[in-house]
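This report is an introduction for a reader who meets the structure for the first time. Please keep the sequence and the model at hand while reading.

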Amino acid sequence: MRHGAHTGHNAHEGHEGHDAHEGHEGLSGHHGHAGHPGADGVSWSMAAQATLHCLTGCAIGEVLGMVIGTALGWGNVPTMVLAIVLAFFFGYSLTLRGVLKSGVDFRTALRVALAADTLSIAVMELIDNGVIALWPGAMDAHLADAKFWIVLALALTAAFVITTPVNKWMIGRGKGHAVVHRYHH
């Protein structure tokens with residue numbers, strides 16, 4: 001995740017003569033166009049990349065948790081709890097791996113991972129598991145059922161769409177994945 005830290009730059013700096021940006025000077029509430037930083041200095045692309053990072057860990061944990069719970073013959077609640085625990089574990093692990101590569105000690109890397117991912121993963125898991133729990137028949141679908149995979153894909157998509165603005169807001173305030181950016185160079 002190499003997100004450029006644009007905090008402090010004018011969203012329109014260097015865009016003189018770029019037709020899509022003419023006439024926006026001084027407009028309050030004007031947010032950046034696709035790929036360009038908004039008023040908070042954070043692009044939607046940057047927020048989406050941070051969300052995809054969390055989504056990867058969540059998806060690995062969700063699927064692995066459901067596979068393990070199903071294989072052990074567990075009910076829905078213990079399987080969902082395992083899936084959530086593993087989603088956090090893999091989400092944090094992906095961040096830890098990247099931060100440890102920068103040469104910091106494990107304790108520092110763990111603090112960075114916790115600061116960067118906790119809210120993002122929590123929102124993602126709330127949405128993801130909420131969709132699955134509320135979708136008629138989804139909790140009873142088995143791994144071999146198309147319904148299981150379709151609902152999981154829809155749930156993860158909903159989680160991505162709802163969590164991306166959360167990550168954009170956090171990065172714009174120097175929190176969330178903005179903390180990780182200091183260690184990716």
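## Terms and basis

A nonpolar core is a set of buried Ala, Val, Leu, Ile, Met, Phe, Trp, Tyr and Cys residues joined through side-chain atoms within 4.5 Å. Buried means under 20% relative accessible area, exposed means over 50%, and partly exposed is in between, using a 1.4 Å probe and protein chains only.

The model is predicted, with local features needing pLDDT of at least 70 and side-chain atom pairs counted only at pLDDT 80 or more, while totals for chains, interfaces and linings use all residues. Residues are numbered from 1 along each chain as its sequence is written, and side-chain values use heavy atoms, with hydrogens and water left out.

## Overall build

The protein has five helices and zero strands, where helices (H or I, at least four residues) and strands (E, at least two) are DSSP runs numbered from the N terminus. Of its 185 residues, 41% count as buried. Among the contacts (heavy atoms within 4.5 Å) with a separation of 6 or more, 66% join residues 24 or more positions apart.

## Helices and annotated spans

The expected span of a helix is 1.5 Å times one less than its number of residues. H1, with 28 residues, reaches 39 Å from its first C-alpha to its last, close to the 40 Å expected, and just after H1, Gly73 takes a positive phi of about 70°.

In the model, residues 52-74 are 87% helix and 0% strand, with end C-alpha atoms 29 Å apart, whereas residues 112-136 are 92% helix and 0% strand, with end C-alpha atoms 38 Å apart.

## The nonpolar core

The largest nonpolar core has 26 residues, and those with the most contacts inside it are Cys58, Met66, Ile121, Met124, Ile132, Phe148 and Leu152. At least two residues of this core come from each of H1 (44-71), H2, H3 (106-134) and H4 (146-172), and H3 gives the largest share, eight residues.

Apart from neighbours within four places in sequence, Met124 is in contact with Thr51, Cys54, Leu55, Cys58, Ala159 and Thr163. Ile132 has its C-alpha 8.9 Å from that of Leu154, 22 residues away along the chain; Leu154 is found in H4 and is partly exposed, with a relative accessible area of 41%.

Which residues does Thr79 touch, not counting residues up to four places away in sequence? They are Gly65, Met66, Gly69, Thr70 and Trp74. Thr79 lies in H2 and counts as buried because its relative accessible area is 9%; other buried residues of H2 include Leu82, Leu86 and Tyr92.

Asp128 lies in H3 and is buried, yet has no salt bridge, a salt bridge being a side-chain nitrogen of Lys or Arg within 4 Å of a carboxyl oxygen of Asp or Glu. The nearest side chain of opposite charge, Lys147, is 15 Å away, where Lys and Arg count as positive, Asp and Glu as negative, and His and the chain ends are not counted. Leaving aside neighbours within four places in sequence, Asp128 is in contact with Glu62, Leu152, Ala155, Leu156 and Ala159.
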